[in-house]
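Here is a short report on one protein model. Read it with the structure in view.

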Amino acid sequence: MTLQVNITPNGRMSLPADIRKRLGLEGGGAVLLEETADGVVLRTVDQAVAKAQAIAKRYAGHPDAPIEAFLAARRRDSGE
């Protein structure tokens with residue numbers, strides 16, 4: 001779905017009510033703005049957390065993952 005949203009001279013814009021309702025932002029809330037090569041993406045905090053968790057899950061248990069490498073080094077250092 002693509003919608004045109006107007007930006008006021010002071011930089012404010014309003015999300016349409018039906019979108020705010022679907023996203024659970026009826027009583028206000030926060031969205032995260034990500035600038036990409038293709039444009040701008042708005043996400044709710046819950047959507048951003050879910051995206052981060054999905055990315056982290058791909059690397060969980062992978063021996064080259066930074067946290068796995070860190071834990072392996074700590075185990076070696078401690079003699080485990």
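## The largest pocket

The largest pocket holds about 270 Å³ of space. A total of 13 residues line this pocket, and those closest to its centre are Leu 15, Val 40, Val 41, Leu 42 and Arg 43. Strand S2 gives the largest share of the lining, five residues. S1 and S2 each supply at least two lining residues.

How is a pocket found? On a 1 Å grid over the protein atoms alone, a pocket is an open set of points where a 1.4 Å probe fits, with protein on both sides within 12 Å along at least five of seven lines. A lining residue has an atom within 4 Å of a point. Points are joined across faces, edges and corners, and the volume is the space filled by probe spheres set on them. Rolling a probe the size of a water molecule over the atoms shows where empty space is left.

## Model and confidence

This is a predicted model: local features need pLDDT of at least 70, side-chain atom pairs count only at pLDDT 80 or more, and totals for chains, interfaces and linings use all residues. Residues are numbered from 1 along each chain as its sequence is written, and side-chain values use heavy atoms, leaving out hydrogens and water.

The mean pLDDT (the predictor's confidence in each residue, from 0 to 100) of the protein chain is 86. In all, 91% of its residues reach 70 or more. Confidence is highest in S1, at 94, and lowest in helix H3 (residues 66-78), at a mean of 79. Helices (H or I, at least four residues) and strands (E, at least two) are DSSP runs, numbered from the N terminus.

## A nonpolar surface patch

Ile 7, Met 13, Val 31, Leu 33, Val 40 and Leu 42 form a nonpolar patch on the surface. Together they have about 550 Å² of accessible area. Strand S1 (31-36) and strand S2 (39-44) each give two or more residues to the patch. Patch residues have over 30% relative accessible area and no salt bridge, and nonpolar side chains (Val, Leu, Ile, Met, Phe, Trp, Tyr) are joined within 5 Å. Areas come from the Shrake-Rupley method with a 1.4 Å probe, and for residues only the protein chains shown count as cover.

Is Val 40 buried or exposed? Val 40 lies in strand S2. Its relative accessibility is 57%, so Val 40 counts as exposed. The cut-offs are under 20% for buried, over 50% for exposed, and in between for partly exposed (1.4 Å probe, protein chains only).

## Salt bridges

How many salt bridges are there? The count comes to three. The rule asks for a side-chain nitrogen of Lys or Arg within 4 Å of a carboxyl oxygen of Asp or Glu.

Asp 18 is partly exposed at 42%, and Arg 22 is exposed at 53%.

Glu 34 is partly exposed, at 31%. Glu 34 forms a salt bridge with Arg 43, with the closest N and O atoms 2.4 Å apart. The side chains of Glu 34 and Lys 51 also meet in a salt bridge (3.8 Å, N to O). Lys 51 lies in helix H2 (residues 45-59) and Glu 34 in strand S1, so this pair ties together parts 17 residues apart in sequence. Shared partners join Glu 34, Arg 43 and Lys 51 into one network of salt bridges.

Methods: Patches are made of residues with over 30% relative accessible area and no salt bridge: like charges are joined within 9 Å, nonpolar side chains (Val, Leu, Ile, Met, Phe, Trp, Tyr) within 5 Å.
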